[in-house]
Amino acid sequence: MHRDLELARVGRRYGIRGPWVLRGVDLTLTPGSLTRVEGANGTGKSTLLRLVAGIDTPTEGRITGRPRTAYVPERFPSALPFTPSGYLTHLGTVHGLSRRSAAARAADWLERFGAAAYAATPMAQLSKGTSQKVAVAQALLADPELLVLDEAWTGLDAEARAELERAVAERTAAGGAVVFVDHDPRRLAGVPDAVHQVVAGTLEPRTAQAAPPVGPLTVVTARGPAGGRLPADATRPSASAAEPTPGTYRLTVPASHSDVVLRALLTAQPPWHVVSVSPPDVPPDEKDRP
Amino acid sequence: MTALLRYQTALLLRSQRWLPPVILYAVFLGVGVQSGQPVLDSLGYAAAALLPVAAWLVRICVTGEPPAARACVAAARGPARAHLAALLTALFAAALLGTAATLVVTVISRHATNDHRLPVPPLRAGAAGLLAILACALLGSAVGALTNRPLLRSPGRAVPAMLLAALLSMVVAGSPAHAAVSGLVTGSESGRIPVSPLPAAAAALLTAAAFALASALSGRRSP
């Protein structure tokens, strides 16, 4: 994603005389940003995400700067006459991959979500959760510049939920924008760059809460080269960074982003030495967050 | 677009929803075409019967994909292109079916006029039949595109509207399908083989407009 996706005064209604579901929505999604959309049931969150994903055209207003987009629906049907690997290969080519790399990545992503055993099972026979894994894999297959997740975590098992959080962290670290809706307030807690709320048919930035919920954390201790500064890619997802002894840093990182931080440290030039990775030893509430 | 067409084709073939219209068309031909009948007359019948079948194939292609799967494809490629791929897949399927029917009818029919006096060369008859088949496949697809999602979304309206429109576009004078089929039928009387590409060209224009409208609306009138 090289430029911003911008929604300007966007409105949407179904039917010529239907009531406005959304109106006057302004939203800018910058590369590498994670955006959370909140709102009660039926307020138009899904409508907003469909507009952001480009599935629906706004009734009024403009959307500019469309990047390569992928979308995960809340419920994915298994009524498709394919096997997961066949469907994902088709979708990979639709996303612009060659057939060969689409098939290879389909296998990789099914493996990551623990669905490799079902790669050749007809989709009609899949459970709801496994179908949802196929939907998630479909979206992540081609490294989209904009990833839109409409309650994509619903129906996934605990391991797949954590894997999807890590996949989101990877996507934003690679410069992609991610927008998501989820009813669990702990989902990627503390990580989003922006939180918006759909209220009365329009979008408002959520005002800072007194105590934002904090998700699971990981403490990474790393030592750098003499006089070295922490790589920006490692500090950006970190909740806090302390320097207990000169040259050694303690980074407190959302658990979903520990892989991204480690990768940034180990691939820095010159590389950093990771001393330890451990769960936090102080209650997360006492961490001060920016 | 190639990837989208391949995906839509796989969806159509693997869903097996193409079977009913294809069987219906085979029954149409089995009833109306017998070996030894005048070739141009039979080709006209085959072309006319293809029009509602083409419209039905469009309905299958634009409604067959579950909405959530359609949304995934629309996000990747845009709703207009995704819809156009479904329409083109149906058109190709109808054209393929019509071509096969033309071949069979041309081979098994008597190569003469209705009164058996004048000979009708099979190659020219086949070419005329292909043009008429193409006109009917195109116009049928246009009818299907205009009477299904996204223009008419409830089956209660879409199906009767589609059948009525298919019938009208066959019988109303001035419609390219009517021109193409009546050209074959009168040719079978007179022995003059109609090889004018005009009806097919007119049908192609109408179909392009119908496809463009339906594709442009698919993002506005969903889900």
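1. How many residues does the contact take from chain A and from chain B? Chain A gives 30 residues and chain B gives 23 residues. Contact here means heavy atoms within 4.5 Å.

2. A word on the model: it is predicted, so local features need pLDDT of at least 70 and side-chain atom pairs count only at pLDDT 80 or more, while totals for chains, interfaces and linings use all residues. Residues are numbered from 1 along each chain as its sequence is written, chains are lettered from A and ligands numbered from 1 in the order in which they are written, and side-chain values use heavy atoms, with hydrogens and water left out.

3. The area buried between chain A and chain B is about 2,200 Å². Carbon and sulfur atoms give 66% of that area. Buried area is the accessible area (1.4 Å probe) that two parts lose on being put together, summed over both.

4. On the chain A side, helix H1 (45–53), strand E5 (69–72) and helix H2 (84–94) each supply at least two residues that touch chain B. H2(A) gives the largest share, five residues. Helices (H or I, at least four residues) and strands (E, at least two) are DSSP runs, numbered from the N terminus. By class, this side of chain A has 16 nonpolar, nine polar and five charged residues. Ala, Val, Leu, Ile, Met, Phe, Trp, Tyr, Cys and Pro count as nonpolar, Asp, Glu, Lys and Arg as charged, and the others, Gly among them, as polar.

5. Now the cavities. The count comes to three cavities of 30 Å³ or more. A cavity is a set of points on a 1 Å grid over the protein atoms alone, where a 1.4 Å probe fits but cannot get out; lining residues have an atom within 4 Å of a point. Grid points are joined across faces, edges and corners, and a volume is the space filled by probe spheres set on the points.

6. The largest cavity has a volume of about 240 Å³. Its lining holds 22 residues, and Arg70(B), Ala71(B), Ala74(B), Arg149(B) and Ser222(B) lie nearest its centre. H4(B) gives the most to this lining, with five residues. The lining of the largest cavity divides into eleven nonpolar, four polar and seven charged residues.

Terms used: 1 Å grid on protein atoms, 1.4 Å probe; cavity = no way out; pocket = protein on both sides within 12 Å on 5 of 7 lines; lining within 4 Å.
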